Amino acid sequence: MSDCARDCLRRRLSSVSTQSSRPDPFTLVSSNLSNLRSSLLTLLRSGHPALTEITEYYFLHPSKQIRPLLVLLLSQATNGLGSQWERKLDESRTQEREGGCLDAPLTRPDVLNDWNPNFPTYTREFKNSFELDAIKWENKTRSSTQQEAITTSNTPKLPLILPTQTRLAQILEMIHTASLLHDDVIDASPLRRGNPSAPFAFGKKLSVLGGDFILGRASGALARLGDVEVTELIASILANLVDGEILQVKKGGRMRREDAWNSYLQKTYLKTASLMAKGARAAVVLGGCKEGDIVREIAYAYGRNLGIAFQLVDDVMDYESASSDMGKPGGADLQLGLATGPALYAREEHPEMGELIQRKFEKEGDVERARDFIRRSSGVQRTRVLAQEYADKAKEVIQSLPDSEAKVALEVLTERVVGRKS
């Protein structure tokens, strides 16, 4: 075992000894996560039962929820630090006093929703002509209960997490799930989280349409956050996902070691880390951090490093026995023609691997030969060490944040990411 690997192992063993005395990331925001997931399903309602079924399919199966967890913990750790925090808090209080809700559409509901049986009071059937005396918007009317609450309480409870930040966490989960629907079509993956993938359960066409529908719902929710910069950040995530997919599927060719690694890490950022990095930055922007506030840079750096570490561990697990728990066969990346960290490291120890990588393991027997080269190399172990380095950097960049349970939970999260086996 190399010195670097030994240091990595010592850090992991050391973290285990102190883990019990530190807050569990999921426990700290468990109620938020529970409400987030249950209310998220209401955003996915469709007038077509089959579309509703497929859009909810992946949400109803267990998931790691690391993306919403990241947003919620960073919000708790940084709210109050931004120079515009008081303004954001006042906006939240004003919205609460006036009965505002992030579920209330900006456009009149009967125009926005078209015909949808799930919103019977907000929509019209197409068989009826559309008259000017449109359906009244019930959300505009303040109830007597709300009015009484306003007059009896002028000091709403200080929220640790703003409603807009919770909605952002939902939007990120929606974008991630939409990308899974599309990825499983592109990769022809039969399984997802140990269950039949959506394309195998519903067909490719409905899976693509389901992913598009979720992105549409996410876009509507994003508009209601009312922050132009956050909209720009999240829109760029969608572009990154497409860029990353194109980079992943393009034809191979002769490439120097450095170029191969740069391409791999770039793809890792675009397809995985971008959502975490820009989602983290968007969370603190919603918490009142404007340009010049160092917290914005901390959030982005933490999310970027954590995201790359997360994907590196995913790539490791593709070659470990535990990969079967992920619901896909071991070595699936090789079968897709993908040279991830373990394969690139194996190339350094077995030069013959280079030719297989260049032709994307297309010839008969290439996948089996590549698996053997990786098994006889230290590629898997070295990729875990690299993931640890990124996780350590993520932990390092948040040290300047004020001490809090949420900050410690973010540290624990980095350790969970690199220590996971599934």
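**Aromatic pairs and charges over rings**

Searching the whole structure gives four aromatic pairs, where rings of Phe, Tyr and Trp (its six-membered ring) pair if their centres lie within 6.5 Å, and planes under 30 degrees apart count as stacked, over 60 as edge-to-face and the rest as tilted. Trp-261 and Tyr-264 form an edge-to-face pair, because their ring centres are 5.6 Å apart and their planes stand at 70 degrees. Before I go further, please note that this is a predicted model, in which local features need pLDDT of at least 70, side-chain atom pairs count only at pLDDT 80 or more, and totals for chains, interfaces and linings use all residues. Residues are numbered from 1 along each chain as its sequence is written, and side-chain values use heavy atoms, with hydrogens and water left out.

Where does this pair sit? Both Trp-261 and Tyr-264 belong to helix 13 (residues 257-286), three residues apart, which is about one turn of the helix. Helices here (H or I, at least four residues) and strands (E, at least two) are DSSP runs, numbered from the N terminus. Trp-261 and Tyr-264 are both buried; buried means under 20% relative accessible area, exposed over 50%, and partly exposed in between, with a 1.4 Å probe and protein chains only.

Elsewhere, Tyr-57, Tyr-58 and Phe-202 are linked by ring pairs into a cluster. Two arginines also lie over ring faces: Arg-304 over Tyr-269, at 4.2 Å from the ring centre, and Arg-420 over Phe-310, at 4.0 Å from the ring centre. The criterion is that NZ of Lys or CZ of Arg is within 6 Å of the ring centre and within 35 degrees of the ring normal.

**The fold and its core**

Let me turn to the chain as a whole. The protein chain contains 20 helices and two strands, and buried residues account for 50% of its 422 residues. Of the contacts between residues at least 6 apart in sequence, 75% join residues at least 24 apart, a contact being heavy atoms within 4.5 Å.

Which residues have the most contacts inside the largest nonpolar core? They are Leu-168, Val-230, Ile-234, Tyr-302 and Met-353, in a core of 98 residues. Helix 13 supplies the largest share of this core, 15 residues. Such a core is a set of buried Ala, Val, Leu, Ile, Met, Phe, Trp, Tyr and Cys residues joined through side-chain atoms within 4.5 Å. In soluble globular proteins, nonpolar side chains tend to be buried together. Beyond its neighbours within four places in sequence, Leu-168 contacts Val-71, Val-230, Ile-234, Gly-279, Ala-282, Ala-283 and Leu-286.

Thr-78, in helix 5 (residues 66-78), is buried, with a relative accessible area of 2%. Not counting residues up to four places away in sequence, Thr-78 touches Val-284, Val-295 and Leu-401. Gln-311, in helix 14 (residues 294-317), counts as buried at 15% relative accessibility. Leaving aside neighbours within four places in sequence, Gln-311 is in contact with Thr-268 and Thr-272.

Helix 20 (residues 405-419) is largely enclosed by the rest of the structure, because 11 of its 15 residues are buried. Among them are Lys-407, Glu-411 and Glu-415.

Most residues other than glycine have a negative phi. Ala-188, however, has a positive phi of about 55 degrees; Ala-188 lies in the loop between helix 9 (163-187) and strand 1 (191-192) and counts as partly exposed at 41% relative accessibility. Lys-360 also has a positive phi, near 55 degrees. Lys-360 is placed in the loop between helix 17 (353-358) and helix 18 (366-375), and is buried, with a relative accessible area of 18%.

**Confidence**

How far does the predictor trust this model? The protein chain averages a pLDDT of 82, with 79% of the residues scoring at least 70; pLDDT is the predictor's confidence in each residue, from 0 to 100. Over residues 12-18 pLDDT stays under 50, and the model has six contacts beyond four places in sequence for them. Residues 126-158 likewise stay under 50, with 40 contacts beyond four places in sequence. Where pLDDT is low, the predicted coordinates should not be read in detail.
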